[in-house]
Amino acid sequence: MSGDHASSPVAARVRHVEALLEGRGLLEPDEIDERIDALAAGGTPANGAAVVARAWVDPAFRERLLADGNAAIAELGFSMGGALQEQKLTVVANDADEHHVIVCTLCSCYPIALLGPSPGWYKSEAYRSQVVREPRAVLREFGVELPASTRITVWDASAESRYLVLPRRPPGTEDRSEEELAALVTRKGLIGTAAV
Amino acid sequence: MSRINDVGGMVGFPPVVEEPDEPRFHADWEAHVVALNGALLGRGVYNLDEFRDAIERIPPGEYLAASYYEKWFRAITTLLAEKGVATPEELAGD
């Protein structure tokens, strides 16, 4: 490093490349800022939570969701087409006998449209390497203790194909509204590293 | 042939660590890298498969040492050089 950017050499290099590309007409002057604003306004786990809450209160929707994730989330105004091409969405439902968990062993593929940006641990080599070998142990680290009789299925996402976990509806929530139910659903629940 | 990114099932990595209250980005430059990548993909300077490949062929030692968005930035500059947009020297600011 040249030593002229004491705090963050990589930040300075990024700025340099942006200026270079702007000079070559490959970036508009405000384009980066506009794109950063758009990122901030993009998907959040509330989207995935809304999908889950609808599936909990509407058995017919749940059936459509498990049969064709892309078509079902479109009913709620969501789309997996945020990237350059639409990704296939497969929704996998937990029940008493089976618990699902998602990973991208090769990198970080993730349903961003429904969950927002992925957490750091999801992208870590630690999670990617271990959850396919010892899912029960990894889930235990997250505080998810499953009975030995519960089968764990791990889904490995790819560029073209993404997954979302449909957690089990917590007991005692029969009187809750759809909005109240959505508020119970966490990002980890939608990945499978939490019960809900 | 698998490359260093293909870590599924590999042993020896440390336990999974969750960062409490993790921010969306840990520094402004990370958001800039994501935006920059979107702009270049959108213009067709390279495509998503080429971008992924450029990450996956980072030499193993550097791949494992780099943060997530450092890998992205490295892949972007690799592709800009390979596509003839700028020389490695220009990209490095030398």
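**Notebook: chains A and B**

I began with burial in chain A: of its 196 residues, 47% are buried (buried means under 20% relative accessible area, exposed over 50%, partly exposed in between, with a 1.4 Å probe and protein chains only). The model is predicted, with pLDDT of at least 70 needed for local features and 80 or more for side-chain atom pairs, while totals for chains, interfaces and linings use all residues. Residues are numbered from 1 along each chain as its sequence is written, chains are lettered from A and ligands numbered from 1 in the order in which they are written, and side-chain values use heavy atoms, with hydrogens and water left out.

**Chain A**

I counted 11 helices and 4 strands in chain A (DSSP runs numbered from the N terminus: helices are H or I with at least four residues, strands are E with at least two). Its C-alpha atoms fill a box of roughly 60 × 35 × 30 Å along the principal axes. I noted two domains, domain 1 (9-40) and domain 2 (45-191), with bounds from an automatic or database domain assignment. Their C-alpha centres lie 33 Å apart. Of the chain A contacts with a separation of 6 or more, 66% are between residues 24 or more positions apart (contact means heavy atoms within 4.5 Å).

I then looked up Ser118(A), which sits in the loop between helix H6 (112-115) and H7 of chain A. Ser118(A) is buried, with a relative accessible area of 11%. Leaving out residues up to four places away in sequence, I found that Ser118(A) touches Tyr110(A), Lys123(A) and Arg187(A). From Ser118(A) to Glu145(A), 27 residues apart along the chain, the C-alpha separation is 23 Å.

**Chain B**

Chain B has 5 helices and 0 strands. The C-alpha box is roughly 40 × 35 × 30 Å along the principal axes. Of the 94 residues in chain B, 39% are buried. I also took the contacts in chain B between residues at least 6 apart in sequence, and 60% of them join residues at least 24 apart.

Asp21(B) has a positive phi of about 50 degrees and is not a glycine. Most residues other than glycine have a negative phi. Asp21(B) lies in the segment before H1 of chain B and is exposed, with a relative accessible area of 76%.

**Core**

I looked up the largest nonpolar core, which has 84 residues (a set of buried Ala, Val, Leu, Ile, Met, Phe, Trp, Tyr and Cys residues joined through side-chain atoms within 4.5 Å). Helix H1 (residues 28-42) of chain B gives the largest share, 9 residues. Domain 1 (9-40) and domain 2 (45-191) of chain A both contribute residues, so this core lies between them. Leu21(A), Tyr122(A), Tyr127(A) and Leu80(B) have the most contacts inside the core. Not counting residues up to four places away in sequence, Leu80(B) touches Val17(A) and Leu21(A) as well as Leu40(B), Val45(B), Val85(B), Ala86(B) and Leu91(B).
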